Amino acid sequence: MSAALFSPAAPGASPSASPGSPELRAQFPILARKVHKQPLIYLDNAATTQKPQCVIDALTHCYTHWNANVHRGVHLLSQEATEHYEGARKVVAQFIGAALPEEIVFVRGATEGINLVAQTLGRTQLSKGDEVLITGLEHHSNIVPWQMLCAERGATLRVCPITDAGELVPGAFDALLASRTKIAAFSWVSNALGTVNPVAAMCRAAKRAGAITLVDACQAVPHFAVNVQELDCDFLVFSGHKLYAPNGSGVLWGRKALLESMPPWQGGGDMIASVTFEGSTWNHVPHKFEAGTPDYPAVAGMATALQWLQAIGLQRVQAHEAALLAEATERISAIKGVRIIGTAAAKASVLSFVIDGVHPHDIGTILDRKGIAIRAGHHCAQPVMDRLGLAATARASFGVSNTSADIDALVEGIVAVQKLFGA
Amino acid sequence: MSDLGDLYHDMILGHAKAPRNFGKLDPCDASALGHNPLCGDRIGVTLLLSQGRVTDVRFDGSGCAICTASASLMTEGVKGRTRAEIDTVFQRVHDLVTGKGDPEDPELGKLAVFGGVSEFPMRVKCATLPWHTLNAAFDNSNAPVSTE
């Protein structure tokens, strides 16, 4: 097989350039484009990240050199494709500290991973009167699948409340865990506010109560090192496109014994051991959960992205983004008439804010004309907005390519918004 | 910044900050709620009707500057008109904000200030939400309407 695919180095670019450095920024071709005749200032990393050249090259490499269906043919290309795909599984397992590559199930994204768990394990484990515990900080993707499951099974969805600062109410999560709590599902980092939850303690408490735990790590994996053994959760999900990997790549990690105990999800090719019209038997884990031809180019691109991120170093990424978030928080909260939404003690990457007298949608439009891409809206977390009494916020979210100069532009943009609105 | 100036025309900013006919008619002859799930804008419209004409109209809710100003100017523009007349006005506004209309069309009156919206396709729904909500009120449907 061609070893080039998993090399994190883009031609001519240093893979281990420092976060925010010109060398690292040069690896993102999209940063060279103009938006409304202005240089692009990309501050919407929590929605999706831009892709470094090596990840774009990995997709091209697949279609140029080894495209073939995986786990199928005896021909060389299919064998190479299978090696790339299964090789990526090992890269992901190593990235999150999984004990075994078989514990990695490739899915389209975190949403699909959560739905998979809800509709397989959830359907078999939940009975009338049982409970699923989530938190008030969840993205819709970690609310709706459980709502649907609870409605189907006659179970109850419990929600751990949050404070005005956007933290879980102290003690509330533990207090809501009961003998009937079968599943506890929660985000590591809030996508709307940036709050970092004490997930290790939450996993311990849930385990003591006998609940199975699922951690939504979408907003964690791009920003700091994640290890499922240290966390001691049962399931962990994340989306590739939020950590510099191609769209369509995503991961569900689960303990092997649990995955083996679960019924299959979607039926089709690759998930079976044998098929007759009288009945079928299931392939072993993880293939049991990967019906149909997977998005192997995206998966290979994800392996490249993870190796690229590790070459930069997640500790350096974390330190860089923490410095940016601290600087942005200080400078933006110093602007009269601007309020930071979400003031948890522990935060990562995300800065939500509102400007007196200006709707976030208008902030988004005005900043866009200055080349600054932020998110304006409810961030697929309407209950968070409802709890804080807001229809929407403006949200800047930082990634490896951002710099202090991006914060300069954001601060200038906010002042221009206020000027235009006479706020 | 010139196109931003076209979008955030002084009249739009004025109506966004001090909307006319803001509130709720109670009792009313027709009402509806409108919602833009993309940005969270929510508009409520209540109407009083007499012999097919709007005798009074109010709107409430929360929205961006474009949505609020559109609702405010809409309520000013539809009083005394029949549904058929209002349909014609909405069609002209719709054409204007989608770049198909004529900003010089004298029938538009003050509503011509929304001409700048056509340069901002993501904001068209902000301008049309109040009109869709008004239509829903005429349909006497109390089910919320959506821009999606």
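In this predicted model, the centres of domain 1 and domain 2 of chain A, taken over C-alpha atoms, lie 29 Å apart. Domain 1 of chain A covers 22-46 + 314-421 and domain 2 covers 63-310, with bounds from an automatic or database domain assignment. Their contact (heavy atoms within 4.5 Å) draws on 33 residues of domain 1 and 30 residues of domain 2 of chain A.

Turning to area, about 2,600 Å² is buried between domain 1 and domain 2 of chain A, 58% of it from carbon and sulfur atoms; buried area here is the accessible area (1.4 Å probe) that two parts lose on being put together, summed over both. On the side of domain 1 of chain A, the residues that lose the most area to domain 2 are A:Leu314, A:Val384 and A:Arg387, which together give 24% of what that side buries.

A:Arg387 also forms a salt bridge with A:Asp164, with 2.9 Å between the closest N and O atoms. The count between the two domains of chain A is 1 salt bridge, defined as a side-chain nitrogen of Lys or Arg within 4 Å of a carboxyl oxygen of Asp or Glu.

Which elements of domain 1 of chain A give two or more residues to the side that touches domain 2? They are helix H11 (314-333), strand E14 (350-355) and helix H13 (382-388) of chain A, where helices (H or I, at least four residues) and strands (E, at least two) are DSSP runs, numbered from the N terminus. H13(A) provides the largest share of that side, 6 residues.

Residues are numbered from 1 along each chain as its sequence is written, and chains are lettered from A and ligands numbered from 1 in the order in which they are written. Local features need pLDDT of at least 70, side-chain atom pairs count only at pLDDT 80 or more, and totals for chains, interfaces and linings use all residues, while side-chain values use heavy atoms, leaving out hydrogens and water.
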